[in-house]
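Visitor: I am new to this one. Could you show me the structure and walk me through it?

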Amino acid sequence: MNSARFAEGLHAHTAGFADAVAGADPDSRVPTCPDWPLRVLVGHIGQAHRWAASIVRSGPSPVPDPFDADPGSPGKWAGWLREGAADLTEAVLASGETPVWTFFGPRPARFWLRRMLHDTTVHHADAALATGRAFEVAPDHAADAIDEWLELLSDPVTAQLKPAFAELRGTGQTLRLNPDSGDGWLITRTPDRVRWARAGDSTADATLAGPVRDLLLVFTRRLPADRITISGDRALAEHWLAHSAA
């Protein structure tokens, strides 16, 4: 996927998020982000887009606290959210291939467009689940979100940032994510880190199968595991899910 496709997805899911929270109680709790009321979830999205844009333009800055974000009154949420997505898109497209700061070393600016797309997608699901709205995601975006999350989990820096992810290491155990169409993912838990590859037919100790949308939402702990089919070593699959939440 290229920057234009990432930008298209970011704007679509930002708009979908805004629609999902429209008219909802700002103080209602978000079940899949249990420490956050809805207004904090809204604040996080707009704040994160603006923070990423500032990194692209000016370099690193401290990770902001979502409770410090001010999205304004609920009637202004949609405009504020769209402005943040537009600001990030403008910053990334203007930067081109110029390397910018990331937690994982210098990367092209589109890193942040992709990261914010997938963060927004998952939080769009949070908002939709909290307010009873429909949630959909394009199959290529869902697949790339799984790709990106596995890229992050497999980077040694991630366990330094969040030591709990070190629990995903193992001694060669394998898991397969098997979508209804297209290649799946083969994950191997090694002593030093998680390794993964896109794979066609392959065997694994545990297999998680279902529509790619549901695989993404189970993988990020937004839907319960019973929404997909788990075969093989269920305890292995459940341990992975318990320790890999986004």
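Visitor: What volume does the largest cavity have?
Guide: Keep in mind that this is a predicted model. The count comes to one cavity of 30 Å³ or more. The volume of the largest cavity is about 80 Å³.

Visitor: Which helix gives the most to the lining of the largest cavity?
Guide: The lining includes Pro156, Thr158 and Ala159, along with residues such as Phe165, Arg169 and Val194. Three residues of the lining come from a helix that spans residues 156–161. The helix that gives the most is H6.

Visitor: How many residues in the lining of the largest cavity are charged?
Guide: Among the lining residues are Asp155, Arg169, Asp192 and Arg193. By class, the lining has six nonpolar residues and one polar residue, and the charged ones number four.

Visitor: Now to the pockets. Which element gives the largest share of the lining of the second largest pocket?
Guide: This pocket has a volume of about 190 Å³. Strand S4 (107–108), helix H4 (110–131) and helix H5 (139–154) each give two or more residues to its lining. Among the lining residues are Arg110, Phe111, Arg114 and Arg115. The largest share, four residues, comes from H4.

Visitor: How many residues in the lining of the second largest pocket are charged?
Guide: Arg107, Glu148, Glu151 and Asp155 are among the residues that line this pocket, as are Phe6, Phe104 and Leu152. The lining divides into five nonpolar residues and no polar ones, with the charged residues numbering seven.

Visitor: Let us turn to helix packing. Is the crossing of H5 and H7 left-handed or right-handed?
Guide: Two packed helices are described by the angle between their axes and the distance between the axes. Here the axes of H5 and H7 (residues 212–219) come within 9 Å and cross at roughly 35°. The crossing is left-handed.

Visitor: How many charged residues take part in the contact of H5 with H7?
Guide: From H5, residues including Ala142, Ile146, Trp149 and Leu150 meet H7 residues, among them Val212, Arg213, Leu216 and Phe219. By class, the contact has eleven nonpolar residues and no polar ones, and the number of charged residues is one.

Visitor: And the strands: which residue in S2 is the bridge partner of valine 30?
Guide: S1 (residues 29–30) and S2 (residues 33–37) run antiparallel and are joined by two bridges. The two strands form a hairpin, with two residues between them. In S2, the bridge partner of valine 30 is cysteine 33.

Technical notes:
Residues are numbered from 1 along each chain as its sequence is written. This is a predicted model: local features need pLDDT of at least 70, side-chain atom pairs count only at pLDDT 80 or more; totals for chains, interfaces and linings use all residues. Side-chain values use heavy atoms; hydrogens and water are left out. On a 1 Å grid over the protein atoms alone, a cavity is a set of points where a 1.4 Å probe fits but cannot get out, and a pocket is an open set with protein on both sides within 12 Å along at least five of seven lines; lining residues have an atom within 4 Å of a point. Grid points are joined across faces, edges and corners, and a volume is the space filled by probe spheres set on the points. Ala, Val, Leu, Ile, Met, Phe, Trp, Tyr, Cys and Pro count as nonpolar, Asp, Glu, Lys and Arg as charged, and the others, Gly among them, as polar. Axes are lines fitted to C-alpha atoms, for helices over the stretch in contact, and angles run from 0 to 180 degrees between N-to-C directions. A crossing is left-handed if the near helix is turned anticlockwise from the far one by less than a right angle, and right-handed if clockwise. Contact means heavy atoms within 4.5 Å. Two strands pair if DSSP finds at least two bridges between them.
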